[in-house]
Structure formats: C-alpha cells, structure tokens
Amino acid sequence: MICNFKKEASLNHTNKQVFHSNNNNDLEQQATTTTPLEIIETKKEEEEEEDFFDYSRRSQWLRAAVLGANDGLVSTASLMMGVGAVKQDIKAMILTGFAGLVAGACSMAIGEFVSVYSQLDVELAQMKRDKERGNNNNNNSDEEEEEERLPNPLQAAAASALAFSIGAMVPLLSASFIREYKVRLGVVVAAVTFALVLFGWLGAVLGKVPVFRSSLRVLLGGWMAMAITFALTKLIGSSAL
C-alpha cells in the first residue's frame with residue numbers, strides 16, 4: 001500500500017511538471033507570435049497619443065493674451081506717434097504713452113471680464129437646463145471635464161491686462177531715453193515693428209497656425225494704425241483747429 005501511494009504521488013508530481021512546462025511553452029509561443037510590424041505599430045500609436053494635444057483648449061487664454069499684447073503695443077505706439085506728429089517734446093510723448101497704458105490695461109481687463117463672465121453664465125445655464133431635462137447622461141468624470149473647460153473670467157481679465165501692459169511698455173521704453181525727435185520716432189517704429197513680428201510669431205507657434213501669414217497680418221495692421229494716427233493728427237494739428 002505504501003509503495004502504491006508513493007507511486008501515485010510520484011505520478012502526480014510528474015504530471016504537474018508537465019502541465020507547468022506546457023503552460024510555459026504556450027506563453028513563449030504567444031510572445032513569439034507578435035510580429036515586429038505589430039510592435040512598431042503599437043509604438044507609433046503610443047507616440048501619437050503622447051504627442052496629441054487639443055490646441056483649441058488654448059484658445060481662451062491665447063486669444064486674451066495675444067489680443068491684449070497687440071492692442072497695448074499698437075494703441076500706445078499710435079498715441080505716441082500721434083502726439084509726436086504735432087509736439088516734439090519727449091515729456092508729452094511719454095506721458096501720453098503712460099496714460100494710454102493705464103487706461104488701456106483697465107479697459108481691456110474690465111471688458112474681458114464682462115465678456116467672459118457673460119459666456120460663463122450662458123454655459124452654466126445650459127448645463128443646468130440639460131440636467132433638469134434629464135438629457136445629461138454623462139458620468140461624474142465627464143461632468144468634471146466640462147466644469148474644467150468652463151471659461152475663467154478672472155484669468156482672462158488678468159491675462160488681458162498683463163499682456164496689454166507688456167505690449168505698451170515696448171514703445172514707452174524705446175522712446176524714454178532718446179532726445180532727438182526724428183531719431184526717437186524712428187526707434188519707436190523699429191521697436192514696434194520687431195514686437196509685432198514677435199507677437200505674431202508667438203501666437204502662430206502656440207496656436208499651430210502658419211507663422212508667415214500670422215506675423216504679416218499683425219505687422220501690416222500695426223503699421224496701418226500708426227500711419228493713420230500720425231497722418232490724421234498731423235493734418236488736424238497743422239490746420240489750426
């Protein structure tokens with residue numbers, strides 16, 4: 001009896017070893033069945049998922065920042081060029097630019113805050129109506145994502161005011177230390193031109209749009225604003241009105 005029991009135990013142990021060996025062979029065969037092409041495709045899919053980014057999510061703060069910087073740059077430079085058309089005094093030119101900086105930054109912040117807050121009210125009201133009608137079948141994670149995508153009025157207002165101030169500082173700093181009238185006007189135009197190209201390039205890179213077209217559009221718009229302001233102010237100032 002004891003011998004038979006030992007034989008049965010030995011057979012069971014041998015069967016278990018064979019079973020584990022077969023399982024290991026199956027796993028090895030499954031691992032080897034993956035072709036190099038499938039591995040490359042899997043790596044490409046993972047890289048595409050990592051590289052994917054929804055650039056439309058940047059639209060809110062990008063719009064506020066780029067528009068604020070361009071407005072600050074163009075409006076302040078145009079004001080300074082307009083005053084420079086009729087007065088050669090550097091003090092009058094700098095004070096005009098500084099007043100334009102403060103007034104413009106406040107105006108941009110308040111306007112952006114009111115605009116974005118109105119948009120926020122509309123989207124919140126729509127979300128509330130969807131919940132009341134029972135049409136909102138999203139889970140909690142989807143609701144959190146929707147709330148994260150809601151516009152932030154304070155963020156937009158701060159971005160606009162800061163960007164406007166940064167843009168307005170360019171013509172102010174470029175004209176602050178130059179006494180010669182014609183040289184001062186030329187330096188302001190050159191500095192504003194460089195800043196316009198830079199802001200256009202930055203907006204294009206962040207928004208993934210064509211760089212040349214964006215920079216050219218911003219540059220031509222800034223030049224037109226300064227030229228029109230300078231010409232009209234010169235005309236009115238010389239007509240003794």
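This is a short tour of one predicted model, with a list of what to select and what is there.

**Stop 1: the whole chain**

Follow the chain along its sequence and the pattern reads α-α-α-α-α-α-α-α. The accessible surface comes to about 16400 Å². Carbon and sulfur atoms account for 62% of that surface. Of the 241 residues, 27% count as buried.

Next, think about contacts along the sequence. Take the contacts between residues at least 6 apart in sequence. Of these, 78% join residues at least 24 apart.

**Stop 2: colour by confidence**

Colour the chain by pLDDT. The mean is 76. A pLDDT of 70 or more is reached by 66% of the residues. Select residues 1-11. Their pLDDT stays under 50, and the model gives them 0 contacts beyond four places in sequence. Where pLDDT is low, the predicted coordinates should not be read in detail.

**Stop 3: the largest nonpolar core**

Select L73, V188, V192 and L196. Within the largest nonpolar core, which has 25 residues, these four touch the most other members. Which helices supply at least two residues each to this core? They are α3 (59-86), α4 (90-133), α6 (153-175), α7 (181-207) and α8. Helix α7 gives the largest share, with 7 residues.

Zoom in on V188. Look past its neighbours within four places in sequence. V188 is in contact with M81, M93, P171, S174 and A175.

**Stop 4: helix α8**

Select residues 211-238, which form helix α8. This helix has 28 residues. From its first C-alpha to its last it reaches 41 Å, close to the 40 Å expected at 1.5 Å a residue. Highlight S214, S215, V218, L219, G222 and M226. These residues of α8 are buried.

Stay on α8 and select M226. Is M226 buried or exposed? M226 counts as buried because its relative accessibility is 4%, and the cut-off for buried is under 20%. Leave out residues up to four places away in sequence, and M226 touches A77, S78, M81 and V192. Draw a distance from M226 to M80. Their C-alpha atoms are 9.0 Å apart, although 146 residues separate the two in sequence.

Move to F230, also in α8. F230 is partly exposed, with a relative accessible area of 25%. Beyond its neighbours within four places in sequence, F230 is in contact with M81, G82, G84, A85 and L185. Which distance in space separates the C-alpha atoms of F230 and M81? The answer is 5.6 Å, for residues 149 apart in sequence.

Now pick L232, another residue of α8. L232 has 49% relative accessibility, so it counts as partly exposed. Its C-alpha atom is separated from that of A85 by 9.2 Å. Along the chain, L232 and A85 are 147 residues apart.

**Stop 5: L79 in helix α3**

Jump to L79, which sits in helix α3. L79 counts as partly exposed, at 39% relative accessibility. Setting aside neighbours within four places in sequence, L79 is in contact with T96 and G100.

**Stop 6: the aromatic pair**

How many aromatic pairs does the structure hold? It holds 1 aromatic pair. Select F113 and Y117 and show their rings. The ring centres are 5.4 Å apart and the planes meet at 50°, so the pair is tilted. A pair of aromatic rings is described by the distance of the centres and the angle of the planes.

Both F113 and Y117 lie in helix α4. They are 4 residues apart, about one turn of the helix. F113 has 29% relative accessibility and counts as partly exposed. Y117 counts as partly exposed too, at 39%.

Conventions: Residues numbered from 1 in each chain as written. Predicted model: local features only at pLDDT ≥ 70, side-chain atom pairs only at ≥ 80, totals over all residues. Heavy atoms only, no water. Buried < 20%, exposed > 50% of the residue type's maximum accessible area, 1.4 Å probe, protein only. Contact = heavy atoms within 4.5 Å. Areas by Shrake-Rupley, 256 points an atom, 1.4 Å probe, with all protein chains shown as cover. Core = buried A, V, L, I, M, F, W, Y, C linked by side-chain atoms within 4.5 Å. pLDDT = per-residue confidence, 0-100. Phe/Tyr/Trp six-rings, centres within 6.5 Å; stacked < 30°, edge-to-face > 60°. Expected span 1.5 Å × (residues − 1).
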